[in-house]
Amino acid sequence: MIRLAGNSQDGIQSAGAFLARLAGRSAQEVMTYMTIPSTISGGPSIFQVRIGSGEVLSSGDEADFLVAFYQHSYQDHIGFLKEGGVLLYDSDNVQPNLDDKRFVYVGIPITGLTVEALGGTAKDKGKNIFVLGLIAKVFDLDTEKLTNLIRERFAGKSDDIANTALMAFQAGYAYPVGNVLTKLYQFEPAEKTGDRAQVTMDGNQALAYGLIAGGVRYGAGYPITPWSSVMEILRSELPKYGGLFVQCEDELGAVSMALGFSYSGHLAITGSAGPGISLKTEAIGWASMAEIPLIIVNVQRGGPSTGLPTNVEQSDLYQAIFGGHGDSPRVVLAPATVEDCFYTAIEAARLARKYSTPVFILSDSSLATRIEAFHEPNLREVMLDAKLDLTPPSASFKPYPLDHVTRHAPPGTKLGEKYPVVTGLEHDEWGHPTGSPKLHMSMTAKRRRKLQLLGEEIPTPKIYGERKGDVLLIGWGSTYGPIHEAVKLAREKGDSISALHLRHLNPLPNGLEQIFAGFQRIVVVEMNDEGLYGYGQLATILRARYCDPKISSLTKTDGLTFRVKEILDGVLTQK
Amino acid sequence: MSTETLPSPAPDKLTKKALTADHPTWCPGCGDFAVLAAFYKMLEKRQLPHENIVTLAGIGCSSRFPYFVNTHGAHFIHGRAVPLASGVSLSRPDLHVFLFGGDGDGFSIGGNHLEHGARKNINLTYVIMDNFVYGLTKKQTSPTSPIGYKSKTDPTGAIDQPVNPMKKLISAGATFIARTHSTQINHMITMMERAMDHPGFSVIEVLSECVEFYPGAFDAANPRKGGALKLIEEKKYDNTPEDDARHDITDELAAYKLANDPFPGWFGVFYQNDRPTKNALEKKWIDTTRAKFGGAGDVDMLQKTFDRMK
Ligand SMILES: Cc1ncc(C[n+]2csc(CCOP(=O)(O)OP(=O)(O)O)c2C)c(N)n1
Ligand code: SF4
Ligand SMILES: [Mg+2]
């Protein structure tokens with residue numbers, strides 16, 4: 001049973017009515033409904049729907065699923081939620097008591113996302129239809145019938161109104177909430193093996209806390225979906241650790257301020273989604289040239305331009321690796337799961353410091369908002385030191401030695417006679433500007449070589465399945481789940497298929513050639529376009545790197561996460 | 001003093017020699033040389049700990065400044081030096097943050113950052129060498145070029161209304177605003193000292209002649225070239241009738257009126273205000289947050305957060 005709780009002017013009734021009418025029309029008799037409308041016009045209101053199929057949720061007097069639009073909706077109705085039930089709440093308006101462990105919490109900025117999808121004039125209107133889209137996704141409802149119902153409902157009104165409603169529905173449906181809940185329903189208490197407890201959070205939280213664990217204490221950003229919650233968390237959390245996150249006037253300011261923190265000896269983080277990363281690009285090039293450590297988080301969404309703000313896509317890989325002018329090598333990492341967001345952030349911090357380099361973390365909107373449970377990390381073991389180091393370096397100190405990885409002496413460090421200027425101009429070992437062709441050659445090579453050195457320490461990723469076979473699926477980022485499920489299913493059916501997931505995208509890990517040699521076909525699965533020549537972004541890079549004609553590409557650009565079936569069908573039809 | 005106490009070693013004296021780095025690459029006669037000389041003199045006079053001085057800049061002829069000063073420094077990208085310097089200032093209260101740049105760097109490409117650095121009142125000192133032209137890129141119109149100035153991008157004379165730096169800074173909320181002239185070494189030193197001593201976003205506009213692309217631009221305020229340097233007389237609060245006519249530097253409106261005077265205008269401190277800095281406000285927030293959690297160590301703090309997510 002689903003209970004929607006909000007105010008009557010939010011149109012909860014009409015959302016519920018759509019569900020009810022869908023039930024009425026549906027051949028497979030899916031649901032019945034009941035409403036408890038409010039007596040006070042404009043006051044609190046609820047709408048309750050019971051799903052008949054019982055596949056995912058069992059019926060009963062208590063709600064399995066509560067949607068709370070406001071704090072009062074949450075307070076008044078949480079008592080009706082079954083133990084183990086799901087509270088889906090508008091995180092823009094509701095702050096639930098997360099300490100109450102009886103329920104599963106799924107916070108979604110419904111108000112913000114609706115405004116983002118429809119434009120500011122939408123205000124509170126459209127939230128109901130957005131939620132309808134969310135529910136349709138969660139319960140796998142017949143979207144064709146639902147969109148027809150919406151069209152019918154607004155027939156006779158202006159096209160604008162119907163289109164707006166459809167846009168709200170699509171935005172809700174596109175929101176990656178499906179993952180959240182399918183995952184959650186798989187959590188069984190019996191799974192709690194081992195001595196470490198499980199922690200539950202979304203990908204942006206895991207990323208933010210991973211950065212804190214990595215000793216990152218300073219950062220700067222500018223809001224954009226789906227990155228904002230990383231900066232919101234860091235803004236509140238970092239002061240607890242004596243650090244600071246600043247909201248800047250724009251992304252140009254944010255990346256510059258983060259570089260100011262890093263230059264001062266405090267490894268810093270900045271982040272955004274595609275549009276903001278585009279703005280940061282010039283300064284990231286400076287970080288490459290001046291060899292300043294920096295972590296840049298890109299929570300990817302559909303692009304280019306404002307694109308699909310609330311949909312998922314993996315189309316910023318080229319931008320992460322190559323974005324900007326000149327030869328500006330940087331590290332690019334991509335977490336595969338929520339848990340991996342935590343550990344990837346720690347690795348990013350370690351690498352940025354060790355190699356004095358910018359490091360990209362490529363997450364995406366599906367990872368950002370998906371909630372997963374994972375074994376609580378052993379913080380004492382994994383946390384990195386955040387201390388500012390002003391120890392005077394040895395007498396042979398130079399900021400840009402040709403034969404060593406750069407290790408800057410931050411301001412405040414007492415030096416002998418000469419003080420260094422870090423710079424974006426090509427320079428000699430002391431940082432003096434130079435136009436010397438020889439120095440530009442050797443410094444360019446120095447900046448490249450340190451990433452080659454870094455590449456040597458990247459372990460060969462583990463293969464899921466056999467080491468030899470017909471097909472090897474390669475993925476990166478949030479497609480980990482569906483790819484592995486697809487491989488599992490196909491293997492159960494007897495297919496010879498394995499999977500490899502890459503966290504390190506630049507530089508690539510060692511030993512991939514040997515792995516590729518064991519397979520007839522290598523299919524790179526990614527959520528971006530096949531490009532002018534028929535290959536997605538990672539596929540193109542792998543083909544350039546390994547010159548292996550066996551490498552092919554399976555891509556899609558519908559703004560939705562891969563379904564297992566899509567992967568299996570896609571791999572099959574390519575044969 | 002107890003006899004056991006060893007005399008602390010005399011700190012290294014900050015001499016002009018210790019402060020001198022690369023020989024400036026500016027054209028002979030460029031006004032920026034004098035700004036550099038004034039900066040050396042000010043530092044020699046004040047004897048700050050050498051390692052705690054930071055010299056930062058964006059891009060432009062004037063922005064080459066850090067290479068010519070032997071202190072920790074960074075040469076950043078065009079227009080973004082204010083947020084860079086803000087990051088240094090906010091995370092390192094032990095440092096003296098000095099920022100140098102030109103009119104294009106500060107008022108055009110970096111105009112928005114200037115506004116927000118001022119609004120947030122970040123503790124740093126920013127010296128803008130205003131030559132009314134783009135020097136490094138060789139004579140294009142700058143945001144301060146006067147109407148009629150003939151440049152490569154306005155061959156028949158500039159037509160756009162120039163920025164009035166003083167007005168821009170007052171309305172943005174900068175808390176120390178002064179104007180000086182690169183032929184007036186002592187005046188520059190005084191302005192730099194007062195700016196440095198001011199806790200907050202302190203900005204000095206120095207009219208600094210580009211001998212190459214706008215020669216004679218500031219002669220009107222140079223007594224040696226037949227001009228007149230109109231110095232702002234600040235209130236002394238001495239209860240004399242003359243004091244009524246003097247400028248109250250805490251009066252925003254009066255400062256705005258001074259800034260309205262036609263070129264070459266007034267020189268001296270236009271405005272000063274002791275609004276709390278972002279540095280102080282953030283520190284207060286950090287301190288109260290830390291106190292609320294009993295100053296727990298990093299591991300315990302994160303563990304507590306994770307315990308809530310179980
Ligand atoms: C993003 C970017 N755009 C343009 C330039 C080219 N550029 C370098 S300095 C400059 C203007 C410099 O003028 P100003 O800031 O007044 O300094 P001045 O040289 O006059 O001291 C320009 C346009 C650049 N370096 N970077
Ligand atoms: S071009 Fe103008 S501003 Fe640049 S160094 Fe020469 S005189 Fe100075
Ligand atoms: Mg200029």
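User: How many helices and strands does chain A have?

Analyst: This is a predicted model. In it, chain A has 20 helices and 21 strands. Of its 575 residues, 59% count as buried. Among contacts between residues at least 6 apart in sequence, 70% join residues at least 24 apart. The accessible surface of chain A comes to about 23100 Å², with 52% of that belonging to carbon and sulfur atoms.

User: Where does ligand 1 lie, and which residues are closest to it?

Analyst: One begins with the shell of residues around the ligand. Ligand 1 lies between chains A and B. The shell holds 17 residues, and the closest are B:Cys61, B:Ser62, B:Asp103, B:Gly104 and B:Asp105. By class, six of the shell residues are nonpolar, eight polar and three charged.

User: Which elements of chain B each supply at least two residues of that shell?

Analyst: They are helix H4 (103-109) and strand S5 (133-134). H4(B) gives the most, with four residues.

User: Which atoms lie 2.7 Å from an oxygen atom of ligand 1?

Analyst: For polar contacts the cut-off is 3.5 Å between N or O atoms. In the side chain of B:Ser62, an N or O atom is 2.7 Å from an oxygen atom of ligand 1. B:Asp103 places a polar side-chain atom 2.7 Å from a ligand oxygen. In B:Asp105 the atom is a backbone N or O, again 2.7 Å from an oxygen atom of ligand 1. Taken alone, ligand 1 exposes 580 Å², and the protein buries 77% of that.

User: Are B:Asp103 and B:Val133 buried or exposed?

Analyst: Both B:Asp103 and B:Val133 are buried. B:Asp103 also has the polar side-chain atom 2.7 Å from an oxygen atom of ligand 1.

User: Why does A:His504 count as buried?

Analyst: Buried means under 20% relative accessible area. A:His504 has a relative accessible area of 9%, so it counts as buried. This residue is in strand S19 (residues 504-506) of chain A. Its side chain makes a polar contact of 2.8 Å with the side chain of A:Glu347. Leaving aside residues up to four places away in sequence, A:His504 touches A:Val332, A:Leu333, A:Glu347, A:Ile458 and A:Pro509.

User: Where are cis peptide bonds found in this model?

Analyst: The angle to read is omega. A cis bond joins A:Gly303 and A:Pro304, with omega about 0°. A:Pro304 is in the loop between strand S11 (294-300) and helix H12 (317-322) of chain A. In chain B, the bond from B:Phe263 to B:Pro264 is cis, with omega near 5°. B:Pro264 belongs to the loop between helix H8 (252-259) and strand S10 (266-272).

User: Which residues other than glycine have a positive phi?

Analyst: Two cases may be examined. A:Ser356 has a phi of about 45°, and its place is the loop between helix H13 (338-355) and strand S13 (358-364) of chain A. At 4% relative accessibility, A:Ser356 counts as buried. For B:Lys139, phi is near 75°. B:Lys139 is in the loop between S5 and strand S6 (140-141) of chain B, and at 26% relative accessibility it counts as partly exposed.

Definitions and conventions
Residues numbered from 1 in each chain as written. Chains lettered and ligands numbered in written order. Predicted model: local features only at pLDDT ≥ 70, side-chain atom pairs only at ≥ 80, totals over all residues. Heavy atoms only, no water. Near = heavy atom within 4 Å. Polar contact = N/O pair within 3.5 Å; in protein donor to acceptor, adjacent residues only side chain to side chain. Areas by Shrake-Rupley, 256 points an atom, 1.4 Å probe, with all protein chains shown as cover. Nonpolar A, V, L, I, M, F, W, Y, C, P; charged D, E, K, R; others polar. Buried < 20%, exposed > 50% of the residue type's maximum accessible area, 1.4 Å probe, protein only. Contact = heavy atoms within 4.5 Å.
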